[in-house]
Amino acid sequence: LGSDTGGSIRQPASFCGLVGFKPTYGTVSRYGLIAFASSLDQIGPITKTVDDSRIIFSAISGDDPRDATSIVNNQVDIPSGKSAKIGVIKELMEDGISDEAKNEVNKVTEILKSNGYEVKEISIPIIELAISIYYLIAPAECSANLARFDGVRYGLRVDGNTSYEMMENTRAEGFGKEVKRRILLGTYALSAGYYDEYYGKALQARKEMIDEFTKAFDEVDYLISPTTPTQAFKAGEKTSNPLEMYMSDLCTIPANLAGLPAISIPTGITNENLPLGVQVMSRALSDHSLLNFSEIIEKEIQFNQQPKGWV
């Protein structure tokens with residue numbers, strides 16, 4: 001199981017040649033999870049096959065009174081057979097996406113077309129703002145959620161001569177550099193004089209994104225894109241440039257902002273013999289239909305290559 005706030009199930013799955021499934025927001029209880037961004041976090045499985053994800057989702061989904069964001073899992077059925085309409089997200093097939101990642105999407109859509117599916121390009125312009133929206137909302141919620149880890153109420157405690165020093169020592173010792181960066185960004189976005197200018201506007205833009213996805217799903221049943229802009233990068237390769245690291249979330253963040261179910265399916269390997277996946281999204285609470293459709297893609301692709309490092 002993983003927790004997916006902006007792609008942390010789907011991206012590692014894509015990098016490792018596995019299936020990664022982020023369910024509809026609220027369908028799986030987060031009771032016991034350390035919250036990062038409460039309006040975005042979602043638990044889901046990383047598995048070998050789509051059917052494994054279906055089995056696990058059936059076991060872990062459902063309303064939980066211990067999680068205030070939990071919802072009753074009232075699934076809606078949408079077509080998964082040849083009557084289903086497929087949309088390729090235009091903005092996720094442009095600059096910033098590697099040719100190899102685009103080729104995987106094209107490979108899948110060509111197979112779907114040859115099997116009688118209708119495939120069309122869909123434009124969701126506000127996706128171009130997804131990184132900006134996410135990196136205001138997520139750090140703001142992170143700042144609020146992690147404030148409780150102060151050495152008094154929860155978690156680690158590092159002593160000091162005064163309560164202020166104890167709290168300072170605790171938070172300096174207990175959080176890594178990236179977590180500290182996000183806490184600082186979020187605290188700034190929520191501070192007096194900036195709340196409406198940053199966090200408030202990000203929430204408005206998020207609502208527009210939800211509306212644009214709703215319009216898209218009036219035209220198609222499923223949306224396809226790359227899961228990641230590139231193949232897996234080396235450990236530590238992008239830590240010196242946080243913005244470049246954040247851009248790795250370009251394709252996965254929109255589903256979290258809109259609360260949609262999304263899945264990464266392994267489809268091929270790059271010239272460097274590293275895995276790539278294709279992402280499929282559908283409307284909220286259509287998780288079972290999304291899994292059914294993804295299984296069709298999985299059977300057609302029959303991914304069985306051996307990426308570098310596998311034995």
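1. Buried residues (under 20% relative accessible area, against over 50% for exposed and in between for partly exposed, with a 1.4 Å probe and protein chains only) make up 50% of the 311 residues in the protein chain. The model is predicted: local features need pLDDT of at least 70 and side-chain atom pairs count only at pLDDT 80 or more, while totals for chains, interfaces and linings use all residues. Residues are numbered from 1 along each chain as its sequence is written, and side-chain values use heavy atoms, with hydrogens and water left out.

2. The protein chain contains ten helices and nine strands; these are DSSP runs numbered from the N terminus, helices being H or I of at least four residues and strands E of at least two. Its radius of gyration is 20 Å, close to the 19 Å that the globule rule gives for 311 residues, so the chain is as compact as a globular protein of that length. The radius is taken over C-alpha atoms, and the rule is 2.2 Å times the number of residues to the power 0.38. Along the principal axes, the C-alpha atoms fill a box of roughly 70 × 40 × 35 Å.

3. Of the contacts (heavy atoms within 4.5 Å) in the protein chain with a separation of 6 or more, 76% are between residues 24 or more positions apart.

4. The protein chain exposes about 14600 Å², of which carbon and sulfur atoms supply 52%; the areas come from the Shrake-Rupley method with a 1.4 Å probe, and for residues only the protein chains shown count as cover.

5. Strand β8 (residues 262-269) is mostly covered, with seven of its eight residues buried. Strand pairing requires at least two DSSP bridges between the two strands. β8 pairs in the antiparallel sense with strand β9 (residues 275-282) over seven bridges, and Ser 264 stands opposite Gln 279 in β9. These two strands form a hairpin with five residues between them, and Asn 273 in the turn has a positive phi of about 65 degrees.

6. β8 also pairs with strand β2 (residues 19-22), antiparallel over three bridges. Here Phe 21 of β2 stands opposite Ile 263 in β8, and Lys 22 stands opposite Ala 262 in β8.

7. In β2, Val 19 and Phe 21 point one way and Gly 20 and Lys 22 the other way, all of them buried. Two bridges join β2 to the antiparallel strand β4 (residues 46-47), where Thr 47 is the residue opposite Val 19.
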